[in-house]
Amino acid sequence: MSIFDTGDTLLHWREDGDPNGAPVVFSNSLGTDLRLWDPVLERLPKDGLRYIRYDTRGHGLSACPDGPYGMGALITDTERLMDYVGAKDAVFIGLSMGGMIAQGLAVKRLDLVRGIVLSNTGAKIGNADMWNGRIDAVNGGGIEAVADATMDRWFSKAFHATPELQLWRNMLTRQPATGFNGCMAAISGTDMMTSTSDLRLPALGIAGTEDGSTPPDMVRELMGLIPGAGFELIRKAGHLPCVEQPDLYAQHLIRFMDSIGHGTNG
């Protein structure tokens, strides 16, 4: 485990894979931490690729500054971390909130990003009233007050019948409420439709057929903003297909990276 001081907060991050490999950076969703990517990393090549993960501010083992946060701050955190670890010309994989960070980072620092995977995300997610309602619920009853509804949106019906569901519910409810609400405020205030439509780089969108947070049509609309972008729909998966269908998810990532010559085939 490593901690990086961005000058504004402290980020927990870790590195796996080949330290001399081509960088691949992962950014987690709201309510999860870098362990979100464990199932996929087990299935990705061990040689030729350097995997960087981090906990978004207010999540996991990263610091939890007072909120609310702005999306610009989340993007700057990531930018500074990538500069610090020397992860330039990276493939950036972001899920949900992490996908918004990916879009903003690619607009701001194209030198850091050669390709993006936008998983279960959108240029705009929800509306202010929806997010403010959830923030109020957490202020009143903690994350526990929204946990069951969140699990319903995140996972397929089949996954709800497994004991593993409790692991992800625990991860959600054990995040700091201040960080959770701070990041919800960041998402609430974000609309990247115009800026993302200016992007010109390799991009892949991934959606889950049973995603109750960012449905497939939302992801398709997002990828339509980027000329030449690909799109993959993963069946029997909700908002976190990297958890429910890690084999397929890893295959899509490998195929995308191979298509742009990133890593061992580069």
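I looked up helix 12 (residues 246–259) in this predicted model and found that helix 12 lies across strand 3 (22–27), strand 4 (49–54), strand 5 (90–95), strand 6, strand 7 and strand 8, running at about 170° to strand 7. Helices (H or I, at least four residues) and strands (E, at least two) are DSSP runs, numbered from the N terminus; axes are lines fitted to C-alpha atoms, for helices over the stretch in contact, and angles run from 0 to 180 degrees between N-to-C directions. Helix 10 (residues 216–223) lies across strand 6 (113–119), strand 7 (203–208) and strand 8, also at about 170° to strand 7.

For bookkeeping, I note that residues are numbered from 1 along each chain as its sequence is written. I also note that local features need pLDDT of at least 70 and side-chain atom pairs pLDDT 80 or more, while totals for chains, interfaces and linings use all residues, and that side-chain values use heavy atoms, with hydrogens and water left out.

Next I traced the sheet, in which 8 strands form an open arrangement in the order 1-2-4-3-5-6-7-8 with mixed pairing; two strands pair if DSSP finds at least two bridges between them. Strand 1 and strand 8 (230–234) are the edge strands, each pairing on one side only. Strand 1 and strand 2 (residues 10–17) pair in the antiparallel sense over 4 bridges, and D5 stands opposite L10 in strand 2.

Leaving aside neighbours within four places in sequence, I116 is in contact (heavy atoms within 4.5 Å) with residues including F92, L199, I226 and F256.

Finally I checked the rings, and the structure holds 7 aromatic pairs, counted where ring centres of Phe, Tyr and Trp (its six-membered ring) lie within 6.5 Å, with planes under 30 degrees apart stacked, over 60 edge-to-face and the rest tilted. F4 and Y84 form a stacked pair, 4.4 Å centre to centre with 20° between the planes, and this pair links F4 in strand 1 (residues 2–5) to Y84 in helix 2 (residues 71–85), 80 residues apart. F4 counts as buried because its relative accessibility is 10%, where buried means under 20% relative accessible area, exposed over 50% and partly exposed in between (1.4 Å probe, protein chains only). Ring pairs also link F26, W37, Y51 and Y249 into a cluster.
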